[in-house]
Amino acid sequence: MNASVATERLDRALASARDALASAATLADVAAAEREYGGKRSVVAEVREAIKGLDPADRPVVGQALREFADSLASAVADRRDALSAAEAESRYALERLDLTLGGHARPRGHLHLVTQVQRELEDVFVALGYQVAEGPEVEDDWHNFEALNFPPGHPARAMQDTLYVDLGRPEQVLMRTHTSPVQIRSMETRELPIFVVAPGRTYRNETLDARHSPVFHQIEGLAVDRGITFGDLAGTLEAFTSDYFGEAVTARLLPSYFPFTEPSAEFAVSCVFCHGAGCRVCSNTGWIELGGCGMVDPNVLTAAGLDPEEVSGFAFGFGLERMAMIRYGVEPIKTFFDNDVRFLEQY
Ligand code: PHE
């Protein structure tokens with residue numbers, strides 16, 4: 001052997017080692033190729049063995065060729081091993097992959113109940129007219145619910161309101177308020193003039209549930225008290241409210257009526273929002289829909305609340321919130337509001 005034979009054999013061996021590594025499919029194939037081209041029975045082992053018998057001048061050349069062969073083989077082996085272990089890791093990750101994605105269920109968002117929406121809208125209409133929102137207790141005493149409102153004991157007008165009494169204190173002294181009118185008394189007892197308040201809230205009556213009546217319902221009360229308040233102010237306020245809330249096409253009408261706490265008293269109706277007066281099922285062919293009661297605060301009520309009827313006057317009104325919602329959204333029967341069926345609730 002001489003130097004050129006030795007380097008040529010090493011070059012050929014390196015070329016086939018590279019081919020073998022390129023086609024190695026597993027880490028075991030790489031190890032086998034490494035053994036075959038760098039091990040005891042390889043070309044490189046033979047050349048190393050033969051170096052002692054070479055011409056001394058050839059030895060450094062062949063020695064250099066041996067080192068280059070070893071480096072090239074080592075780096076080709078390392079490259080192939082890296083490539084194969086990266087691919088292996090990737091396929092293992094793919095196999096072991098756990099899909100932890102959570103299902104795309106957005107939590108449904110709730111919203112205010114239709115009656116609450118109507119309540120807030122009405123509050124807004126009156127707040128825009130300069131009113132404040134007042135509140136009173138749902139469990140009331142006889143004084144605020146009846147007595148101070150000019151319903152003396154045994155007065156036949158008490159029969160207008162089927163009262164639910166609470167078993168507390170003296171009999172028939174504590175009750176579930178039958179209307180929001182007791183807030184009139186509470187407002188006059190505690191506020192300075194001028195008083196302009198609206199009082200929305202829940203009210204109770206011992207009534208059988210039917211299409212339009214429920215033992216639990218909501219009202220909104222209005223009260224204006226100052227020097228020189230007239231019935232014209234009441235009519236104008238209700239007209240302004242009607243067009244604000246129902247639109248310009250709807251008008252208000254007042255018809256004589258009776259309440260113990262107002263004098264004169266009136267029934268407040270609006271032109272039918274569905275047929276505009278022509279007559280339909282909703283307005284029972286009258287062209288008008290009754291919304292509630294109103295009137296000038298009775299002098300006895302002003303006196304009971306500690307005001308002087310010779311000095312001040314006022315008007316009050318009260319209407320049912322469910323009734324407003326039933327009219328505006330065509331909802332019937334009234335029980336639909338309390339069933340809490342989401343298929344109904346989510347429509348508004
Ligand atoms: N409180 C009366 C009712 O519930 C309504 C009303 C309020 C009437 C204010 C006149 C003035 O029927």
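Predicted model: local features only at pLDDT ≥ 70, side-chain atom pairs only at ≥ 80, totals over all residues.
A polar contact is a pair of N or O atoms within 3.5 Å.

View 1. A nitrogen atom of the ligand lies 3.0 Å from an N or O atom in the H179 side chain. For S181, the distance from a ligand nitrogen atom to a side-chain N or O atom is 2.9 Å. Q219 is placed against an oxygen atom of the ligand, with a side-chain N or O atom 2.9 Å away. The ligand on its own exposes 320 Å², of which the protein buries 92%. In total, 14 residues surround the ligand, and the closest are H179, S181, R205, Q219 and E221.

**View 2. The two assigned domains of the chain.** The domain assignment gives domain 1 as residues 3–96 and domain 2 as residues 114–345. Between the C-alpha centres of domain 1 and domain 2 there are 100 Å.

**View 3. The open sheet of seven strands.** The strand order is β1-β4-β5-β9-β8-β7-β6, and the pairing is mixed. The edges are formed by β1 (132–133) and β6, each of which pairs on one side only.

**View 4. The β6–β7 hairpin.** Strand β6 covers residues 252–259 and strand β7 residues 262–271; the two are antiparallel and share seven bridges. They form a hairpin, with two residues between the strands. P256 has its bridge partner in β7, namely A266. Strand β7 also contains P264, and the peptide bond joining E263 to P264 is cis, with omega about -5 degrees.

View 5. The bond from L193 to P194 is cis, with omega near -5 degrees. P194 sits in the loop that connects α7 (182–190) and β4.

View 6. D298 is located in the loop between β8 (288–297) and α9 (299–304). Is D298 buried or exposed? Its relative accessibility is 10%, so D298 counts as buried, the cut-off being under 20%. Leaving aside residues up to four places away in sequence, D298 touches N150, P260, F261, T262 and E263.

View 7. N150 belongs to the loop between α6 (142–145) and β3 (174–176). H276 is likewise not a glycine and has a positive phi of about 50 degrees. The loop that holds H276 runs between β7 and β8.

How values were computed: Residues numbered from 1 in each chain as written. Heavy atoms only, no water. Helix = DSSP H or I, 4+ residues; strand = E, 2+ residues; numbered from the N terminus. Buried < 20%, exposed > 50% of the residue type's maximum accessible area, 1.4 Å probe, protein only. Contact = heavy atoms within 4.5 Å. Pairing = 2+ DSSP bridges. Near = heavy atom within 4 Å. Polar contact = N/O pair within 3.5 Å; in protein donor to acceptor, adjacent residues only side chain to side chain. Areas by Shrake-Rupley, 256 points an atom, 1.4 Å probe, with all protein chains shown as cover. Domains from an automatic or database assignment.
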